[in-house]
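Here are some notes on the model you asked me to look over. They are set out as numbered points, so that each can be checked against the coordinates on your screen.

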Amino acid sequence: MTIALAIHGGCGTLPKAEMTDAEWAEAKADLAKSLRAGWAILAKGGSAVDAVEAAVLVMEDSVHFNAGHGAAFNADGEHELDASIMDGATLAAGALCAVKRIRNPVSAAKALMHRGDPLLLAGPAGDAFAQTEGLDMVENEYFSTERRRKNLASMKIRELVGTAGEASEAEKHGTVGAVALDANGHLAAATSTGGYTNKPPGRVGDSPIIGAGTYARDGRCAVSGTGKGEFFIRYCIGHEIASLIGYAGLSLKDASDRAIAELTAHKIGAGLVAVGADGAIVAPYNSEGMYRGWVTPDGLVHVGTHADVEVMGQA
């Protein structure tokens, strides 16, 4: 049976000169580690839901991505995290937004999905739920990194001098996500983020909004997005791609390209990964780069940051 897995670590990657060769190698290694974690589950006949959780967990624990450890700071110098997961077989989903103490929000989203109701919890209620589920809880400072501190300071200055709109996508945004097709033909998607640097406290983007930043539906596709969340919400990007496939008969590639074109018209950086019911994978983006990767049917791990894509060995 066909299995498929793709991930992203956010669009608007840093210019190559802003990280050392060793740092770029570390980021790529973490992308490959994420793919191997998800693929190991799929290869053993495991579920797409478990695979996307496993893949996102690795990126939440990596300093190189804006999710979990390494999340962006809000305007108050705190971290507020959003995450969601969706099962394409049943349309069950779980999501959390503006949580502050859950080490791995994607796992809390999955636990909430299995609970069945409610679908979405916010802030302290989300943290309390995760604690009752026995998930790893941390102090908010755990998510901080020096690079994110520098980004916050830079955005504060830009705000004062009126150049915030000129900040790069890498300075502002960042998200991680995974999509998968398992051996039983079921699809799943998961997304996790720290939002954007210097965001207003309480701001919620598209990542925990089912149908916007995350969507999965068997027979159509699974989608995880990255970019300016407010526009992903307005266009219901994940659901839009599934609808273009289901109602207009577009291919996964054409539907995804059309969705990114809609966002490009607003001059925002945007990207996504998606997998179709047949195992096809796409990873379009309109920014300088996007952390991304996938595993081909022969089990080879492919990872990219900018235009180049590198083969990182077997999954």
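1. In this note, buried means under 20% relative accessible area, exposed means over 50%, and partly exposed lies in between (1.4 Å probe, protein chains only). By that scale arginine 103 counts as partly exposed, at 28% relative accessibility. The model is a predicted one, in which local features need pLDDT of at least 70 and side-chain atom pairs count only at pLDDT 80 or more, while totals for chains, interfaces and linings use all residues. Residues are numbered from 1 along each chain as its sequence is written, and side-chain values use heavy atoms, with hydrogens and water left out.

2. Arginine 103 meets aspartate 61 in a salt bridge (a side-chain nitrogen of Lys or Arg within 4 Å of a carboxyl oxygen of Asp or Glu), with 3.5 Å from N to O. This pair links distant parts of the chain, since aspartate 61 is in the loop between H2 and S2 and arginine 103 in the loop between S3 and H3, 42 residues apart. Helices (H or I, at least four residues) and strands (E, at least two) are DSSP runs, numbered from the N terminus. Aspartate 61 is also partly exposed, at 33% relative accessibility.

3. Eleven salt bridges are found in a search of the whole structure. Among them is the one between aspartate 50 and lysine 110, whose closest N and O atoms are 2.6 Å apart. Aspartate 50 lies in helix H2 and lysine 110 in helix H3, so this pair ties together parts that are 60 residues apart in sequence. Lysine 110 is buried, with a relative accessible area of 14%, whereas aspartate 50 is partly exposed at 29%.

4. Lysine 28 and aspartate 308 form a further salt bridge, at 3.7 Å from N to O. Here lysine 28 is in helix H1 and aspartate 308 in the loop between strand S12 (300-304) and strand S13 (309-314), which places the partners 280 residues apart. Lysine 28 counts as buried at 15% relative accessibility, while aspartate 308 is partly exposed at 30%. Glu310 joins Lys28 and Asp308 in a network of salt bridges.

5. Helix H1 (residues 21-43) and helix H2 (residues 48-60) pack with their axes 8 Å apart, at an angle of about 160 degrees. That makes H1 roughly antiparallel to H2, because angles over 145 degrees count as such, whereas those under 35 are roughly parallel, 65 to 115 roughly perpendicular and the rest oblique. The axes are lines fitted to C-alpha atoms, for helices over the stretch in contact, and the angles run from 0 to 180 degrees between N-to-C directions. Helix H8 (residues 237-246) and helix H9 (residues 252-264) have axes that come within 9 Å and cross at roughly 140 degrees, which makes H8 oblique to H9.

6. Some backbone details deserve a look. The peptide bond from aspartate 117 to proline 118 is cis, with omega near 5 degrees, and proline 118 sits in the loop between helix H3 (105-115) and strand S4 (120-122). Leucine 91, in the loop between strand S2 (81-87) and strand S3 (93-99), has a phi near 65 degrees, a positive value in a residue other than glycine. Cysteine 236, in the loop between H7 and H8, likewise has a positive phi, near 45 degrees.
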